[in-house]
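Thank you all for coming.

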Amino acid sequence: PLDRADLAVELGFLIADGFLVVQVGELGKVEELASQLTRYAKSLGAGERVTRHAAGLLESARKGEVEQLKKELSATQKDVEMELVVLRDADLAHLISLGGWIRALEVASGAVDKQFSEERAEHLMREDIADYYSAIVGSLEPRIAERPNYVAMRDLLAGMRTEMTLAEGEAATAEDVSEIRQQAEKLVELSLKRADTP
């Protein structure tokens, strides 16, 4: 049996990837995505609602309705998180959200690093989000929060909060973006470490 915390983070990554697939118009990948979303959600005990959303995802993809696909993905994430909160598993809901943010940060920082502009870089400088997730990781159930990869993630997020904080009138530099991209890649690596691997 797979660790539920690992599954929750991976589900967050999967939902973020769903938004990317839709954004770039690769609607042919939606069927596989819907299948994986259903599988992960069932493993976490929130499969019933996701099965309904999966049908909506497939229908919207078939019709080429990009905006409806985005709404369906967003609703899928909210419903899974709500179901986990109802099941008294708020930690897993937080981990789904964390996984989605880490994956989005990895992709966004990579894109801005390749085609830098101050305006695009400014969108990455969200010290409030880094601070929020640092606090969330620190408040997880001890058997999760004390795993070495989560301790390292909390420390990394706390450091990113400082790196993302810009003084009044200060603009982010290409070096800042490159550093955030590297930190995002480390977060991905840490967040995808299985409980049973060193």
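Predicted model: local features only at pLDDT ≥ 70, side-chain atom pairs only at ≥ 80, totals over all residues.

Let me begin with Gly 18, which touches Leu 33 and Leu 73 when residues up to four places away in sequence are not counted, where contact means heavy atoms within 4.5 Å. Residues are numbered from 1 along each chain as its sequence is written, and side-chain values use heavy atoms, with hydrogens and water left out.

Gly 18 is found in helix 1, residues 4–23, where helices are DSSP runs of H or I with at least four residues, strands are runs of E with at least two, and both are numbered from the N terminus. Is Gly 18 buried or exposed? With a relative accessible area of 0%, Gly 18 is buried, a term that means under 20% relative accessible area, with exposed being over 50% and partly exposed in between, for a 1.4 Å probe and protein chains only. The C-alpha atoms of Gly 18 and Val 30 are separated by 7.4 Å, although the two residues are 12 apart along the chain.

The axes of helix 2 (residues 30–44) and helix 3 (residues 47–63) come within 9 Å and cross at roughly 175°; here axes are lines fitted to C-alpha atoms, for helices over the stretch in contact, and angles run from 0 to 180 degrees between N-to-C directions. That makes helix 2 roughly antiparallel to helix 3, since angles over 145 degrees count as roughly antiparallel, under 35 as roughly parallel, 65 to 115 as roughly perpendicular and the rest as oblique. The residues of this contact divide into 9 nonpolar, 3 polar and 2 charged, where Ala, Val, Leu, Ile, Met, Phe, Trp, Tyr, Cys and Pro count as nonpolar, Asp, Glu, Lys and Arg as charged, and the others, Gly among them, as polar.

Helix 2 also packs with helix 4 (residues 66–86), at an angle of about 10° and with the axes 11 Å apart, which makes helix 2 roughly parallel to helix 4. Val 30, Leu 33, Leu 37, Ala 41 and Leu 44 of helix 2 make this contact with Leu 69, Leu 73, Thr 76, Val 80 and Leu 84 of helix 4, and these residues divide into 9 nonpolar, 1 polar and no charged.

Thr 76, in helix 4, counts as buried at 2% relative accessibility, and, leaving aside its neighbours within four places in sequence, Thr 76 is in contact with Leu 37, Val 50 and His 53. Lys 70, also found in helix 4, is partly exposed, with a relative accessible area of 23%, and touches Phe 19, Val 22 and Gln 23, again not counting residues up to four places away in sequence.

Turning finally to the whole, the protein chain has 10 helices and 0 strands. Of its 198 residues, 44% count as buried, and among contacts between residues at least 6 apart in sequence, 73% join residues at least 24 apart. Along its principal axes, the C-alpha trace spans about 45 × 40 × 30 Å.
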